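Q: I would like to learn how to read side-chain contacts in a model. Please show me the structure and take me through it.

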Amino acid sequence: SQQQATKEGSGGGSGRKLSHPVDVRSKRDRVLAKYHGFRDAAKQRRERLEDARKLQQFRRDADELEAWISEKIQVASEESYKDRSNLQRKIQQHQAFDAEVATHNNSITTLKATGMAMVSNNHFASEALKKRLKEISQMWQTLLTTSSDKRQKLQDAQKRENYVREADELEAWISDKEAVASSDELGRDLEHVEMLQSNFGDFLKDIQTNESRITDVDKMAEKLLKEGHPDSELILDRQEALKEKWKDLVSISELRKEKLAA
């Protein structure tokens, strides 16, 4: 009958129940949320791995640069200027050293830029990065200062040696002239006296010609004293001694001239 057919039709679905649209949306939202969470976690993982790679690269570069700076500080700290021999060669070697240091300035700049970029991007090791950059910057400054000090000391040593050499040569020349001017020989006869007078005239001309040497050496000393040379005390003592020695030579020469003219 119709009632029976309707009854059978209502039970003909073997108990299957259609999903409600709200349930479908909810399930979809959960799946999407899970997917988005997985995607975000994967992105964060990739970013952290990239940050870790950048950190290891930074540390490797920093270690290499730090080792190089430390080695160069040791070289710059050597007191080769205390040995007065071959100063010009040592100065040339240090000029080459300075040039090598200058070529690494770009390495310092690049490392700083890399580190600060990582810090600006909120790298997980930002504090450690800033600390390392500060340490390397301080080491670099130590190297520059130490190298500059050594360069100055080498130059000071060379200036001192140049002055001492000129002073030694002038002092030796004055001593030779003093020996001549101190002679007591007055001549055996007129002819001999005239010969001595003639020779002494040439001697006095030589003294006058070389007077510029005492002036030049004195100017060298004055320049070094004005610059505040570290060996100023030695230079001043030598300057005064040379002036005194020159005065003695002039005085002895005048006395000898008078004796020969008498």
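Q: Which side chain does glutamate 50 meet in a salt bridge?
A: Side chains of opposite charge can pair when their charged atoms come close. A salt bridge is counted when a side-chain nitrogen of Lys or Arg is within 4 Å of a carboxyl oxygen of Asp or Glu. Here glutamate 50 meets arginine 53, at 2.7 Å from N to O.

Q: What should I know about the model before going on?
A: This is a predicted model, in which local features need pLDDT of at least 70 and side-chain atom pairs count only at pLDDT 80 or more, while totals for chains, interfaces and linings use all residues. Residues are numbered from 1 along each chain as its sequence is written, and side-chain values use heavy atoms, with hydrogens and water left out.

Q: Where do glutamate 50 and arginine 53 lie?
A: Helices are DSSP runs (H or I, at least four residues), numbered from the N terminus. Both residues are in helix H2 (residues 21-76), 3 residues apart, which is about one turn of the helix.

Q: Is glutamate 50 buried or partly exposed?
A: Buried means under 20% relative accessible area, exposed means over 50%, and partly exposed is in between (1.4 Å probe, protein chains only). Glutamate 50 has 30% relative accessibility, so it counts as partly exposed. Arginine 53 is also partly exposed, at 45%.

Q: How many salt bridges does a search of the whole structure find?
A: The search finds 19 salt bridges. One of them joins lysine 72 and glutamate 100, at 3.2 Å from N to O. Lysine 72 is in helix H2 and glutamate 100 in helix H3 (residues 87-103), so this pair ties together parts that are 28 residues apart in sequence. Lysine 72 is buried at 9% relative accessibility, whereas glutamate 100 is partly exposed at 32%.

Q: Which residue forms a salt bridge with arginine 238?
A: The partner is aspartate 168, with the closest N and O atoms 2.3 Å apart. This pair links distant parts of the chain, helix H8 and helix H5, 70 residues apart.

Q: Why is the pair of tryptophan 173 and tryptophan 246 called stacked?
A: Rings of Phe, Tyr and Trp (its six-membered ring) pair if their centres lie within 6.5 Å; planes under 30 degrees apart count as stacked, over 60 as edge-to-face and the rest as tilted. The structure holds 1 aromatic pair. Its ring centres are 6.3 Å apart and its planes are at 20°, so the pair is stacked. Tryptophan 173 is buried at 13%, and tryptophan 246 is buried at 9%.

How values were computed: Helix = DSSP H or I, 4+ residues; strand = E, 2+ residues; numbered from the N terminus.
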